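Work through these exercises with the sequence and the 3D view open. Try each task before you read its solution.

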Amino acid sequence: GFAEPRPSGAVGTRQLRRTAERLAVVQIDSVNVLSRSHYLPYFSRLGPYERSTLDALSNRRHDLFEYWAHEASFLPARLQPCLRWRMDAADREAWGSMTRVQRERPEYVAALLERVRSEGPLRASQLQEARPNRPGSMWNWHAGKAALEYLFFTGALTARARTAGFERVYDLTERVLPAAVVATPTPERADAIRELLRTASRALGVATETDLRDYFRLAPGDARTAIAELTEA
């Protein structure tokens, strides 16, 4: 994204969407010192812009969606079908309290999903549960937050928006993502991984095998096989 000069005029939706497509993955971090981290890659490539315009791409237009791509990231909604294999493998791919709450309290997880289905978007803070006392841990989620995050990992829920305090607002994926994305057939896992590697290569330009697979946190064996297939094609 640094190969072109910054726009000479005002930066709007078109330029931000184009940059998002080029980068494919922009990592999210809730830590806010200078600015939240996902705003910075756009500024470094485009110069000053209205952050509300970028927010609208995920909060209103839903051209972007949130998922565990590299880490928690914003990425183009069109890539969601290529990550469904990871969603389907949530019991293996997710970790910690997310899988623990599903294993120990599956009925609670199912009830939360039904609550969102029947009552609409939900924030973890609306559950009014006490956080566990884990000094020094940044993952001190209460059971409700862990359950919502598990459902987010599975793809049953996604982020409809972020609040002013950067809290996720969860809703059913089919009510948030563009209808064309929801209706897209799920590709075979191998095809999806090849497409993710193509996307990573376009974003990086020049990259090692490790760089390519780490862009979407792909397993080494899967990445090596797919890279070999792509280079032979």
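**Exercise 1: Placing a tryptophan**

Task: Find the strand that holds tryptophan 68, then decide whether this residue is buried or exposed.

Solution. The model is a predicted one. Start with the strand. Tryptophan 68 belongs to strand E2, which covers residues 64–68. Now take the accessibility. The relative accessible area of tryptophan 68 is 9%. Buried means under 20%. Tryptophan 68 is therefore buried. Finally, take a distance. Aspartate 222 is 154 residues away from tryptophan 68 along the chain, and their C-alpha atoms are 17 Å apart.

**Exercise 2: Two more pairs**

Task: Describe the salt bridge between glutamate 119 and arginine 115. Do likewise for arginine 224 and glutamate 209.

Solution. Take glutamate 119 and arginine 115. Their side chains meet at 3.5 Å, N to O. Both lie in helix H7, residues 106–119. They are 4 residues apart, which means a separation of about one helical turn. Glutamate 119 has a relative accessible area of 60%, so this residue is exposed. Arginine 115, at 30%, is partly exposed.

Now turn to arginine 224 and glutamate 209. The salt bridge between their side chains is 3.1 Å, N to O. Arginine 224 is in helix H13 (residues 220–232), while glutamate 209 is in helix H12 (residues 209–215). The pair therefore ties together parts that are 15 residues apart in sequence. Arginine 224 is partly exposed at 46% relative accessibility. Glutamate 209 is partly exposed too, with 31%.

**Exercise 3: Reading a pocket**

Task: How many residues line the second largest pocket, and which element gives the largest share?

Solution. First, the space: the second largest pocket holds about 230 Å³. Next, the lining. There are 12 lining residues, and Glu4, Arg18, Thr19, Arg22 and Leu46 are those nearest the centre. Sort them by element. Helix H1 (13–23) and helix H2 (40–46) each give at least two residues. H1 supplies the largest share, 6 residues. Last, sort by class. The lining has 5 charged, 4 nonpolar and 3 polar residues.

**Exercise 4: Domains**

Task: Into which domains is the protein divided, and how many residues does each side give to the contact between domain 1 and domain 3?

Solution. List the bounds. Domain 1 covers 13–79, domain 2 covers 82–180 and domain 3 covers 189–232. Next, the spacing: the centres of domain 1 and domain 3, taken over C-alpha atoms, are 22 Å apart. Their contact takes 10 residues from domain 1 and 7 residues from domain 3.

Notes: Residues numbered from 1 in each chain as written. Predicted model: local features only at pLDDT ≥ 70, side-chain atom pairs only at ≥ 80, totals over all residues. Heavy atoms only, no water. Buried < 20%, exposed > 50% of the residue type's maximum accessible area, 1.4 Å probe, protein only. Salt bridge = Lys/Arg side-chain N within 4 Å of Asp/Glu carboxyl O. 1 Å grid on protein atoms, 1.4 Å probe; cavity = no way out; pocket = protein on both sides within 12 Å on 5 of 7 lines; lining within 4 Å. Points joined across faces, edges and corners; volume = space filled by probe spheres on them. Nonpolar A, V, L, I, M, F, W, Y, C, P; charged D, E, K, R; others polar. Domains from an automatic or database assignment. Contact = heavy atoms within 4.5 Å.
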